[in-house]
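I opened this notebook page to record what I looked up on charged side-chain pairs. The entries follow the display.

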Amino acid sequence: MSGLSILNLEAVRSAPLSREPYTFFLGTDVLDRAAIDEIREDFPAIAKPGYLTVDEVALKGRFKALIDELESDEFSRILGEKFGIDLVSCPRLTTIMKKSQPKYGSIHTDGPSKVMTLLVYMNDAWDAPAAGRLRVLYDGKNYEPFAVEVPPTMGTMFAFLRSDNSWHGHEPFEGERRVVQVAWVKDAAELERKKKRNRTAQFLKGIFGR
């Protein structure tokens with residue numbers, strides 16, 4: 001019997017796995033509907049823009065329980081079975097964002113130290129027709145055409161295997177854009193380097209306000 005109660009594992013398992021232009025899946029309703037109100041209430045009160053590591057944020061209640069599930073070996077096994085790779089042995093880096101700035105969302109593939117990236121969105125609604133909606137892209141220059149557009153609404157999950165062509169990004173958006181990101185990385189040393197870089201970036205934002 002699974003120890004995971006907030007994640008809707010059936011929704012994760014049943015989400016179609018796509019192989020073009022790279023390996024990814026897009027799932028909806030991946031959070032237990034009975035837990036959503038508490039997750040929303042317990043989402044951290046983050047004042048800074050950008051991603052913060054879980055070590056930099058006060059976690060509580062059902063939101064903390066969700067983070068524990070996302071970082072668990074059991075969930076890594078389930079995702080590993082879906083993607084056909086070993087994720088349990090990979091260290092995990094979890095970051096949280098509440099506020100987005102226009103400079104975020106530029107097209108990229110993620111760095112080669114990452115094995116897989118997963119995003120869980122937690123916005124009740126999304127009115128912007130294009131801004132802030134992550135897209136699965138075909139190259140590093142163009143937001144169109146795109147293979148898939150990800151609605152950043154509550155309970156949407158997007159995960160992909162990092163590759164040299166795993167292009168993704170979104171058109172600029174400024175404002176509240178709640179999302180949790182979990183990255184499976186190749187080794188513990190790289191995990192510490194990423195944490196240090198993130199702390200440095202947040203420190204500089206605190207000084208220069210950007």
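**Salt bridges**

I searched the whole structure and found 12 salt bridges, a salt bridge being a side-chain nitrogen of Lys or Arg within 4 Å of a carboxyl oxygen of Asp or Glu. The model is predicted, so local features need pLDDT of at least 70 and side-chain atom pairs count only at pLDDT 80 or more, whereas totals for chains, interfaces and linings use all residues. Residues are numbered from 1 along each chain as its sequence is written, and side-chain values use heavy atoms, with hydrogens and water left out.

**Entry: Lys 64 and Asp 68**

I looked up Lys 64 and found its side chain in a salt bridge with that of Asp 68, at 3.3 Å from N to O. Both belong to helix H3 (residues 61-70), and because they are 4 residues apart, about one helical turn separates them. Helices are DSSP runs of H or I with at least four residues, numbered from the N terminus. Lys 64 is partly exposed at 36% relative accessibility, and Asp 68 is partly exposed at 41%; buried means under 20% relative accessible area, exposed over 50%, and partly exposed in between (1.4 Å probe, protein chains only).

**Entry: Arg 162 and Asp 164**

I noted a salt bridge from Arg 162 to Asp 164, with the closest N and O atoms 3.0 Å apart. Asp 164 is exposed, at 65% relative accessibility.

**Entry: Arg 178 and Glu 176**

I recorded a salt bridge between the side chains of Arg 178 and Glu 176, at 2.9 Å from N to O. Arg 178 is buried at 14% relative accessibility, whereas Glu 176 is partly exposed at 42%.

**Entry: a network**

I also traced one network, in which salt bridges with shared partners join Arg 135, Glu 144, Glu 149 and Glu 171.

Definitions and conventions
Helix = DSSP H or I, 4+ residues; strand = E, 2+ residues; numbered from the N terminus.
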